[in-house]
Each structure stands twice: as C-alpha cells, then as structure tokens.
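Thanks for coming, everyone. Let me put the structure up, and then we will walk through a few places in it.

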Amino acid sequence: ARGVVAPLRLTGPLSGVTFRSNLPPAKSRTSPYDIYDCRLVLALDDFARVLAKHDIVEVVHLSVYRPVSKKVALKGAGRRHGGALAIDAALFKTKDGRTLSVEKDFQPRRLGARPCPPPPSASELRKIACEASEARLFNVLLTPHYNRAHRNHFHLEVTAGVKWTLVR
C-alpha cells in the first residue's frame, strides 16, 4: 500500500463493531480501498467503544485508502486518505437492525454551523459525532455541517505529529 506507513486489513470487529466498505465481501478482501493504517485502526477501536454505547454494531464506509497515482513521486508517508489515515463513515447499523444514514439522519443540520455541542433535540448520529469530538479520538472530524461534499458521511482522520483538532 504505497504511502501507508503501517498497512493492514480488518478481518473482524473492533471492540464489537465491524467496519467495512460498501463493496461486496469478495471484492473487499482484495480491494485497496479496504486498507487501513494501524494508527487509524487504534482510533477506530476507541471510537467503537463510543458506538457500542449507542448499540452500533457495524459501520459502512465509502473509503479509507485512496491509492496515490504511481505517476506521483511520494515524499514521505501519505496523509489523509492517501496514507489510509481517514475514513468516510456513511452508515451505522444497530443491534436491532436499524440503519442510521449520515445523509438522512444527522439532524439538525445547518451548513457552516458548529455541530457540537449538540442541541437536546439532536439525532443519535449527531450525538455520536460530538462524543467522538469530546473524546478527541480524531484530529479531524468533518460532518454535514462542513460543506456539501460531506453531506453523506463523517470524515474521521488521524494526523501524525499534531496536537490540534478540527471539528466542523
């Protein structure tokens, strides 16, 4: 996995929560898009404990690793998706079979507004995002409040060597 410092594939759940792509299982086992850097996996393991409090048992992502073109010369490790250090989480499945979609169920939403702290009327997904923010599990946590491109997923990212966080 070019650009990934410590690549791995998940073959089972993290603290009881399965993280998987939206690809069919047969394709997922060999897809480059299901490669994670172990630093992201450590953050996801902590995130799974937050999710378990909300009875979430599965997270379906749109992407983790996005391979850098072989035409591009790498100068060190990749960042964000190019380093498998970010996940775009779109669907959250519960023990009782419900599916929470960031696109439909992240409420209330207002482009440009700060997502946290959540109002008392906030949806389960908004509360989950704010709990992850409070726990400082990720350096970057982008929600549908950030921009139109993030309307259907949470962008959760670890950034090596920094102490700051960005939550939008």
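This is a predicted model: local features need pLDDT of at least 70, side-chain atom pairs count only at pLDDT 80 or more; totals for chains, interfaces and linings use all residues.

Start with the lining of the largest pocket: five residues are nonpolar, five polar and four charged. Residues are numbered from 1 along each chain as its sequence is written, and side-chain values use heavy atoms, with hydrogens and water left out.

Back to the pocket. What do we mean by one? On a 1 Å grid over the protein atoms alone, a pocket is an open set of points where a 1.4 Å probe fits, with protein on both sides within 12 Å along at least five of seven lines; lining residues have an atom within 4 Å of a point. The largest pocket holds about 260 Å³ of space. That volume is the space filled by probe spheres set on the points, and grid points are joined across faces, edges and corners. It has 14 lining residues, and Leu 10, Phe 19, Arg 20, Ser 28 and Asp 34 are the closest to its centre. Strand β2 (18-21) gives the largest share of the lining, four residues. Both β2 and helix α1 (25-28) supply at least two. Helices here are DSSP runs of H or I with at least four residues, strands are runs of E with at least two, and numbering goes from the N terminus.

Next, Asp 37. It sits in strand β3 (residues 36-37). Is Asp 37 buried or exposed? Asp 37 is buried, because its relative accessible area is 0% and buried means under 20%, exposed over 50%, partly exposed in between, with a 1.4 Å probe and protein chains only. Its side chain makes a polar contact of 2.8 Å with the side chain of Arg 39. A polar atom of the Asp 37 side chain also lies 3.4 Å from the backbone nitrogen of Val 5. A polar contact is a pair of N or O atoms within 3.5 Å; within protein, one must be able to donate a hydrogen and the other to accept it, and residues adjacent in sequence count only if both atoms are side-chain atoms.

Val 4 comes in the segment before β1. Val 4 is buried too, at 9% relative accessible area. Beyond four places in sequence, its contacts (heavy atoms within 4.5 Å) are Tyr 36, Asp 37, Tyr 65, Gly 82, Gly 83 and Ala 84.

Now helix α2, residues 38-52. Its 15 residues should span 21 Å, and its end C-alpha atoms are 21 Å apart, which agrees. The expected span is 1.5 Å times one less than the number of residues. Among the buried residues of α2 are Leu 40, Asp 45 and Phe 47.

Last, the backbone. Most residues other than glycine have a negative phi, and most peptide bonds are trans. Ser 15 has a positive phi of about 45°, and Ser 15 is in the loop between β1 and β2. Asp 55, between α2 and β4, has a positive phi of about 60°. Cys 116 and Pro 117 are joined by a cis peptide bond, with omega about 0°. Pro 117 belongs to the loop between α3 and α4.

How values were computed: Ala, Val, Leu, Ile, Met, Phe, Trp, Tyr, Cys and Pro count as nonpolar, Asp, Glu, Lys and Arg as charged, and the others, Gly among them, as polar.
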